Amino acid sequence: MPAMKAPFIVQLRDLQSRFRNFVTFFPFQGYFLAFIICSILGQLWLQRQLLSEPSAFNDILLALNKLVVWVVMPLLLLGFISVIIPYIILWFTYRKRKLQVSLQSPAAQPSGLKQELWLSITPLLQPLLGHLYFKMVYDKGKCRSPKFSLVRKENAIGYAGKKQEGWYRWPLPGIREYEIDSMVIYMEDFFHFFKLALPVRVNQSFFTRPPARNIDPVTLQPTQTEQEVFRIKDWRKVQGEWMHYKNFESNDDVRRIVWKIYARNKELVVRTPEILNPFASHISFNLSFYDHIDLAENPTLKGVCLDFYKSACYALYKNLQQQGMQIRFHADCDIPPRSYENEQQRIEFAIALSKWQNIKRPSEWMNSKDATVICLSSLDNPNDVDYFAENGSKGLTIAFFPLSKAIQTPGGWKGLEWLWIEKEKEPALRTNPVWFLSSARRTMLDNEKRIIHQLKQSEIRYIIMGLDT
Amino acid sequence: MSIPRHHSTKKEWAQYMLLGLPTAIWMAYAIFLANQWLAVLSNNWIWQSIAFATGLGLAIYSFARRLRFITLTLVCLGLMAGIKWAAQFISPEEFDAFFFVISANNYFTLFLAGWIAGYGFSRSRFFTIFWAVLVLAVLLVVIASITAPMRKALIIPTVPVLVYVAYIIYTGEFIRNMNEDQSGFKWFVARKIIAFGILMTLVISIALQMLKPEWNTIEKEWENGGKPKEKNERQNSLTRNDGQGTSTQTSMGLQGFNNRANKDSLLFVAKLDNYFEDGITPNPLYFISDYFTLFDSLTQTFEIDTLRPYNDLFKPNLTALPLYFPLEDTGVLSKSMSYLNRKVADAEIYKTQLSPRHFTAPSTAFFVQPISVPEENKDIYKSAYRTKMLVSDLNSAYFVYNPSGDEGLAFFQEQRFAALRSIPDYNEAPADFMSYYTQMPIGNDYDSIRLLADTIIKHANAITPVDKIIAIRNYFMQADSTGTPLFRYSDNPGIPGIPSANRLCHFLFESKKGYCAYYAGATLFLLRSLGIPSRIATGFLTVDRSNKNPGWYWFYEDQAHAWVQAWFPGFGWLDFDTTIPDSESRESPQPDQTPPLTSQTAWLVANGKLLDVDTLTRIANMRVSKLLYWDNPVNLPGLVPVTMDVKLATILRDTGRVALSELKPGMEIVAVSFSEQFKELPPVPGEKWSALSQRWPNPIPIDEIKIIAPEPEKNTGENKEQKTVVPWMTIAWWGLILLLIAGLIAISIPYAIYTWLAARARYAGTLTSKAYYSYMASLFYLNQLGIKKHKVTPQQYAEKQIDPVYGTRLANFIKVYQKMKYSNHALNQNEEKIIREQHPAFVRQVRKQIPFSKRSKHFINTGTALDFFTQPNTLGTGKKQ
């Protein structure tokens, strides 16, 4: 069977990837090429300035020009040598498997989409007066971090010898898990003209926490009832009666025999557990990533909107937590069994790993009787609102997060602002014209309106995050 | 509303301190220099520097806060336009408003320059490069223009520029790449910059040391043969030093030059055989060097147009002409379009400080012959030539001088005007000629000149072209009611208080003082506006000061002059001088030296290449290519060898006498003999070279040898140009070819590696070696085809990724290879066979599965090959057993 030809866009991406690879290993920086071009143009201009007849001006200009060449050439040569020598040493070290690379992701991470990494490489020589930069390659080689230099300890500033270590606070594009496949070490000279790169294999994975955003306090009452078993501490109050105790019977568990009473009375009695009155103990926090309208693969929804939803849900969770509530977290994603330092980390990881899915419908997996709060997005099924209204407990609150709020709408004052201020180039804040014209957006907005309509129609308590309730 | 930021405050401050501040300081210095030297910026360098620094700082501030460049720039431009518009209503007087607008424009331009520089530094990494190279190139030209050719004087301004440029390139990218989270930032930056400073100091010091001899040579060379430096510095604005002597300028700017020339500096002496009808009274003529026909209104500079139509200028390169060999170009005579009142005149020019290459003669010269300087005058005169020209009777200097109240002279000049009044108009002149020589720039300033010209001729009631010219000359000579001349001669005409104002208009309408270039320029435009074809001539004003030697004229540096030539049908180009004489000028000293009166006949002149010279016996051999004998050319049968006796010969270069040791084989020389022996041997008509040479004494007595070849160190300017002009196109082609070759080599590297590995596998001596190279070749082959081994063992790789897909038996081979490598058991025959046959069979099988095009495509990817070798030794490429 003839091989299927890859679509044009895939070929284009492949070409882009190849070009990026080429640029990575191309030893000259664009800065150097610009210097060469400007120098040639400058030389041509200087040649034109020479007078047609001999003059002191000509001689001086040529002598000055020669001086410039005599200064620039050794600097360029020195720059290149300063890079090539440590690079060759690094190459041999790596080939001989003597390069020790340690990449650690400390548990305590800064908030927001930044990941702190601790990197230590031994032996690695820094180019004389030059610079060392690094770039992380992740997602099976598809993505790369910005080029960065390590932040070293203050007392290690300057030429750091054979050991390079420091940390990097990496701004990452999304809330999810990242797997680093390799790292590119760049050696650059003092002018940033020459650059020699070596890819080094490293394996490290981490996830980004949702940013802790402040929202207005949300008042919720715990609804989930807890039946607590109290150990009876009171002794018998009335002579001849054993309150909360009964005589040992053959089916009783011998471990429940109260040996203190036996020691005193030679009677075998066992403790009868007492069940106290049930009380509202917890908040059951339910998070739905259900995609009812099948738009999960849309890049905007998969990226910016998903991150917005994760951040908003996490903000609500944190808000409730800060009010001193005990929260039981339920989400529709499968959280891989790992060792977590605490529940908080587990929940953050669960949120980070969650994706839109169309398998687990919230009305099917959520226990509406126990649920305190159910987080729904614009992609959820509006009928589920009815379901929860009918079957939910009295204290159930639906927190609805309209994804239309994820991307700001251009126009109006915003447009005027655009005229004066350049927007940040972060994906979360970038307005995408294609998205605003897409049918996916219209479908999502329709669904969103239906959900809001259903919420308003029902008698259930609801919060529309970012909108007046 | 919180404004998002491009980068942290730390980075912003780094930009202020490391890029902004040095640039502002450097720019302040540049503005200070500009104020000092050019005097175009109203001497307010501090405020101008502040304007630039403000623009720079605001740009860095705005960029850090993500404010848009284009919007803000448009706002600034709008603001400026608004100020200009509003100024006309605010200021009470028109001039105040105008001056205010111009000043504001000045400051605003600097502000805008700072604004663009600041944004450029912040936004684009390439701008830093562009800025650095621009600054360097411009300043090199400025330094070369304004600095004396002395090593120390050149180093002082150049080194800071070099350091600044390198610093900007270094710091620009350094700040861009710095990690904003770095603590102890100041110390971090300081260390880096100090280290870089030390490196720069070292490199510049070494470069200066290495170039010291060359710079010293330049310094020495431009002392003009050991003469005091100030002589060169005090040159007229119309003359310059071309390295070998004084020459006239090739461009003539109307700028505030100090026009005080060195009156004691004798340039040349001329014997002009041009007399009035009585045959006794010398008739002096202005000596012409070049013509200025174009005007660059932007730089206010008159320029020489080498492509001008009807070019009647005879301009031989004297240094390239052999002694006594004449050069003639009568084509220039027809281009002068003159046939009335013309006659041929001779002149002999003996140069002192005038550049040896410089040719000057009255118009219209058409013949030149370099001649020897008599022996007794060789210490004074460096070179000489004889010239012929077709001169006009109406071009006598007495006709040309501006009478300036000398009634006798004015009366004399009437003869000329009477003759020229026969020309009523230019209807018969060629259209293209008229179009070129009457062109004027367009603009309000030039309209005002037109208006002035019309007013002048209207008042004078002038109808014929010559009357119009007289009216204009008289306009410059007029005086007010108190008898004070309206126009005055001044070496320092001043400049308009407003930058970029038209200097000619300033001269004509305001200052009314200037030197010859001003008068000539103003006259040119007045004439052209009246439709009279005209051009500016530069050369030397001729003054008849010698009573003892009639016909001999002495030319000092202060006689360098510019005047106007107007064209009259039939009469050709005629000189007119409207420059008001300098009442304060001191006459150049009366000639007190004896002109080179003694004449000697060069009986024999030979031109050719020197073969050898014996400095002991003082016998030299040359191969003659051209020969003059008794002033007649001799037909030579090709190149003929000649032996010369140079015991009494004077060896000369263009710059003067040199030692015999300067003669080197291969040099082109001219040997001249004044020997009386030849006087006795007149040429016989029809005599052949062989017979003639037999009659000559052997060796031939030679009295003078002139070296035509350039001096080994003191190259002539033209040769320097040839040496220094970089053949960019050739470099570009070679660069392209080298790039292509490098590209071809790069893409063939993977195949070369594979071929080498496969060859080693094929021709390996031992089984171990064969196994190792077969293994390497196979894995390299697969890697190159894009089938990479990701984090699996070679065995897994072969079993899962290769064998099932390509039908190979790589897993078997690897098993055997690993057994051989890690086990002590010997291989059996079957295993040995597997090793021996593995690689060729493997490659054949893979080739069947992967088409040639795909294989070729993969095999040109050098990156994949590099990737194979940059992996740690997990592929089993470790030590061989």
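Predicted model: local features only at pLDDT ≥ 70, side-chain atom pairs only at ≥ 80, totals over all residues.

Residues are numbered from 1 along each chain as its sequence is written, and chains are lettered from A and ligands numbered from 1 in the order in which they are written.

**Exercise 1. Find the residues with the most contacts inside the largest nonpolar core.**

Step 1: Start with the terms. A nonpolar core is a set of buried Ala, Val, Leu, Ile, Met, Phe, Trp, Tyr and Cys residues joined through C-beta atoms within 7 Å. A residue is buried if 20 or more other C-beta atoms lie within 10 Å of its own, exposed if 12 or fewer, and partly exposed in between, with C-beta atoms placed from the backbone.

Step 2: The largest such core holds 145 residues, and Cys313(A) and Ile374(A) have the most contacts inside it. Helix α3 (residues 56–95) of chain A contributes the most, with 16 residues; helices (H or I, at least four residues) and strands (E, at least two) are DSSP runs, numbered from the N terminus.

Step 3: Another core, of 123 residues, lies apart from this one and includes Phe295(B) and Tyr324(B).

**Exercise 2. Describe how α23 (residues 810–822) and α24 (residues 829–849) of chain B cross.**

Step 1: Their axes come within 10 Å and cross at roughly 135 degrees. Axes are lines fitted to C-alpha atoms, for helices over the stretch in contact, and angles run from 0 to 180 degrees between N-to-C directions.

Step 2: α23(B) is therefore oblique to α24(B). Angles under 35 degrees count as roughly parallel, over 145 as roughly antiparallel, 65 to 115 as roughly perpendicular and the rest as oblique.

**Exercise 3. Locate two cis peptide bonds and two residues with positive phi.**

Step 1: Recall that most residues other than glycine have a negative phi, and most peptide bonds are trans.

Step 2: Thr122(A) and Pro123(A) are joined by a cis bond with omega about -10 degrees; Pro123(A) sits in the loop between β2 (114–122) and β3 (131–138) of chain A. Another cis bond links Ser363(B) and Thr364(B), with omega about 0 degrees.

Step 3: Arg97(A), not a glycine, has a positive phi of about 60 degrees and is exposed, with 11 other C-beta atoms within 10 Å. Arg66(B) also has a positive phi of about 60 degrees, but Arg66(B) is partly exposed, with 16 other C-beta atoms within 10 Å.
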